[in-house]
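This report describes the fold and selected side-chain arrangements of one protein chain. It starts with aromatic residues and then turns to the backbone, the strands and the overall dimensions.

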Amino acid sequence: MPYTEDLKQLIKRVEATRSARVERKKRGEEYPMLSLKEREERLTKYHPDFVKGARKEIRIGPSKGYAISPEIVDLLEAKSRINPDRVDLSRIDHETDILILGGGGAGTSAALRAQENGVKVILATKLRHGDANTMMAEGGIQAASKGTKDSPYYHYLDVMGGGHFKNSPELARTLVMDAPKVLAWLESLGCMFTKSEDGRLQSMHGGGTCRKRMHYAADITGAEIMRTLRDEARNRAEDITVLEFVPAVELILNEYGHCAGAILYNLETEEYLLVKAKAVIMATGGSGRLHIQDFMTTNHYGATGDGLVLGYRAGLKLNFLHTVQYHPTGAVFPEQAEGLLITEKFRGAGANVLNLDGEQFVNEREPRDVESASLIRECAEVGKGVTTRTGKVGVWLDSPMIESLKGAGTVEKEFPGKFILFKRYGIDISKEPMLVYPTLHYQNGGLEFTADCETAIPGLYVAGEVGGGVHGENRLMGNSLLDITVFGRIAGENAAQYAVNKAKAGTLTLDHVRRYHRELEASGIKTDRISPMLLPDYSNPDVRSRQLTARYQGTIR
Ligand code: MEZ
């Protein structure tokens, strides 16, 4: 749907200030950055993490007492989808060396490296292979390139600074040190990054970076990386078996407490499948579809935090889930596109963020959490948000400004994904700005794991968004596509080594699920909820609760 007449009138205010803003930008004059103290104040006053009720203590399990988003607590304080007493663990449907849960960038990178280390892999994914947040990532992947003024040292400082210096130093170090190697690996597999005429990768700034180290494939970087990884995995079908539409619903341990497989649920046939494995890699991604605090989301349909539930029930601790990442610029208009990522690359390329009167109110390169808090403040407190006819509020992202700065045709060339999409809605983003507001984007924290991707459970490895610690309390742009490839590869290599050299066969058990159910009961938590959620439910809440009750605790065979 094109802009309504009233919004078109308001866009005139943006146009009225554009040429002066372009001139300022050309002179190198930027809107002032906030001081550290001001940033802190802005976050505590306006960021959703700090609103009353944003956090609730978990009452059971290995991170009991840790206060995180209530939406995640609800999933943790729930019963399993399966009744462990009704599962026949001797009836194995598939047996393999490595079972990977998740078919996004982390899982697929892991599959490739595991296969190269000589093992057989089953990759089980909830929807289709590649239906993942990786596919939806747009703006870029960070890596310090040789022969520039950059180095992993500066990258490290940015990662730690962005994460409020709370990150795990070992995880952050591994991320930045492996980055150049991983970028070269992706290129060697055929990933087509945008390059200059001299053949060098193009690079730009992202929020919170002190060097230009964001590399990209137009505005569809994640899709290009996922295409590359998926093609490669499919070409190795002899060793990598892909099972689609089969989300994991529970991990299986063995008598030694080692991870030894998982129970999958076939979404099409509604059957449960048992997969026995020497090692399991958890790469199930994030949880945007929980719509924390009712926020819209950039995340794909299957991002419901399943891995958190499975890992937690099996005994892994959680970290950094007390912070949630809201991307500053999610689409507000048209409503069909609500929540959709409008890449930070627009701001990196020079687009200003503007209020109702076409005025700047924040530097576009503040770290994400500060940028989002500033947008929320402008709408909520200053009262200079733009309201649509259906009552949605946002601010303008002045994409046409990029044409004034970089020449006509730049928006279409550099942002083909968004240009084409908005064109379908009757909006030409090279001429009209986009209306945006913060949107739930990334799970900053997750399951505790080490730089070797090991966890407290032997045989269980973690990679990608489901893990916590790499980004501390706030991830910077472009470090997620990096995270999934760096740690996906490490998980694949180390799980393969474990499967070959260390894995110990033992009797399979679901005792951890029984224990968890007992703990739920003992702590007086009365609930009909079951988890993992698997898919978000947008139906009427009354209908939903009846369905859940009916489906509770399905029997396997
Ligand atoms: O890393 C991200 O989240 C990213 C690249 C997002 C974006 O703005 O494009």
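Predicted model: local features only at pLDDT ≥ 70, side-chain atom pairs only at ≥ 80, totals over all residues.

Y3, F333 and W396 form one aromatic cluster. P334 lies in the loop between β13 (325-331) and α10 (345-348).

**Aromatic pairs**

A pair of aromatic rings is described by the distance of the centres and the angle of the planes. The count in this model comes to 10 aromatic pairs. One of them is formed by Y312 and Y516, whose rings are edge-to-face, with 6.3 Å from centre to centre and 80° between the planes. This pair links distant parts of the chain: Y312 belongs to helix α9 (residues 306-314) and Y516 to helix α16 (residues 511-522), 204 residues apart. Y312 has a relative accessible area of 0% and is therefore buried. Y516 is buried as well, because its relative accessible area of 4% is under the 20% limit.

The rings of F449 and F487 also make a pair; their planes stand at 90°, so the arrangement is edge-to-face, and the centres are 5.7 Å apart. F449 and F487 are both buried.

**Charges over rings**

| Charged residue | Ring | Distance from ring centre |
|---|---|---|
| R55 | F50 | 5.4 Å |
| K345 | F415 | 4.9 Å |

**Backbone features**

A cis peptide bond also runs from S531 to P532, with omega near 5°. P532 is found in the loop between β22 (530-531) and α17 (541-551).

Which residues other than glycine have a positive phi? H291 has phi near 50°, and F320 has phi of about 55°. H291 is located in the loop between β11 (272-282) and α9, the helix that contains Y312. F320 is in the loop between β12 (318-319) and β13. With a relative accessibility of 13%, F320 counts as buried, because the limit for that class is 20%.

Strand β9 (residues 248-254) is mostly covered, with 7 of its 7 residues buried. β9 pairs with β10 in the antiparallel sense, over 5 bridges. Within this pairing, A248 stands opposite L264 of β10. The hairpin of β9 and β10 has 4 residues between the strands, and G257 in this hairpin takes a positive phi near 85°.

β9 has a further antiparallel pairing, over 2 bridges, with strand β21 (residues 508-509). In that strand, T509 is the bridge partner of L253.

G261 is part of strand β10 (residues 259-265). Is G261 buried or exposed? Its relative accessibility is 0%, so G261 counts as buried. Leaving aside residues up to four places away in sequence, G261 touches L99, L251, I252, V275, K276, A277 and V280. Among these contacts, L251 and I252 fall within the residue range of β9, while V275, K276, A277 and V280 fall within that of β11. The C-alpha atoms of G261 and I92 are separated by 10.0 Å, and these residues are 169 residues apart along the chain.

**Overall dimensions**

The secondary structure of the protein comes to 17 helices and 22 strands. A compact globule of 557 residues would have a radius of gyration near 24 Å; the protein has 23 Å, so the value agrees with that expectation. Taken along the principal axes, the C-alpha atoms fill a box of roughly 70 × 55 × 45 Å.

Of the 557 residues, 61% count as buried. The accessible surface comes to about 21,700 Å², and carbon and sulfur atoms account for 49% of it. Among contacts with a separation of 6 or more, 75% are between residues 24 or more positions apart.

Conventions: Residues numbered from 1 in each chain as written. Heavy atoms only, no water. Phe/Tyr/Trp six-rings, centres within 6.5 Å; stacked < 30°, edge-to-face > 60°. Buried < 20%, exposed > 50% of the residue type's maximum accessible area, 1.4 Å probe, protein only. Lys NZ or Arg CZ within 6 Å of the ring centre and 35° of its normal. Contact = heavy atoms within 4.5 Å. Rg over C-alpha atoms; globule rule 2.2 N^0.38 Å. Areas by Shrake-Rupley, 256 points an atom, 1.4 Å probe, with all protein chains shown as cover. Pairing = 2+ DSSP bridges.
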